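Visitor: I'm new to this one. Could you walk me through how to read it?

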Amino acid sequence: MKSIPTVVMAMMLVLSVSFANAQLKINDTFPNVQLLNNQNSLTQLHSFKGKIVLVDFWASWCAPCRLTNKKLVVMYNKYKSKNFEIVGISIDTDKAKWLKAIEKDKLKHTQLIDPKGFDAQSAILFGAETLPASYLFDTSGKLVAINPTEAQIIAQLKK
């Protein structure tokens, strides 16, 4: 019979490998994520393949996220005609607060919700452990940067 510490260590190893595999890495492709948008329709993330996509995890209660939203509005308006899309994924647990934040922040880019906080499956899949968190995908759907700078985004748009 195995000792309890041996069993516990084995379980911890399995869990750490599982979590390590759950986080997206550079060159990974769009994950198969399907979430409700702010129009109450299902949206599949991989449907944006063919565009340069910035996936932005945020929440209405996150002050740094709300400041970032202001910058994203400017960036989206400036580059949306250049095959660029921003997809916001909120981990808000209160849909009404999420919708109010979208309206108040004047967000016109795609908005999705995964309403389970940091237990949201999409946040786990991406590896979003803090907010805001963003992921830049190229036109082939490959991840090219995690928490990219605006300069990295512009460089991707120029390719």
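This is a predicted model: local features need pLDDT of at least 70, side-chain atom pairs count only at pLDDT 80 or more; totals for chains, interfaces and linings use all residues.

Visitor: Where is the place of Asp 105, and which residues does Asp 105 touch?

Guide: Asp 105 sits in helix 3 (residues 95-105); helices (H or I, at least four residues) and strands (E, at least two) are DSSP runs, numbered from the N terminus. Leaving aside residues up to four places away in sequence, Asp 105 touches Arg 66, Asn 69 and Val 73, with contact meaning heavy atoms within 4.5 Å. With Asn 69 there is also a side-chain to side-chain polar contact at 2.8 Å. That term is for a pair of N or O atoms within 3.5 Å; within protein, one must be able to donate a hydrogen and the other to accept it, and residues adjacent in sequence count only if both atoms are side-chain atoms.

Visitor: How do I read a strand, and which residues of strand 6 are on each side?

Guide: In a regular strand, side chains alternate between the two faces of the sheet. In strand 6, Ala 133, Tyr 135 and Phe 137 are on one side, Ser 134 and Leu 136 are on the other, and all are buried.

Visitor: What does strand 6 pair with?

Guide: Two strands pair if DSSP finds at least two bridges between them. Strand 3 joins strand 6 through five bridges, running antiparallel, and Phe 57 has Ala 133 as its bridge partner. Strand 7 (residues 143-146) also pairs with strand 6 in the antiparallel sense, over three bridges, and there Phe 137 stands opposite Leu 143. Strands 6 and 7 form a hairpin with five residues between them, and Gly 141 in the turn has a positive phi of about 90 degrees.

Conventions. Residues are numbered from 1 along each chain as its sequence is written. Side-chain values use heavy atoms; hydrogens and water are left out. Buried means under 20% relative accessible area, exposed over 50%, partly exposed in between (1.4 Å probe, protein chains only).
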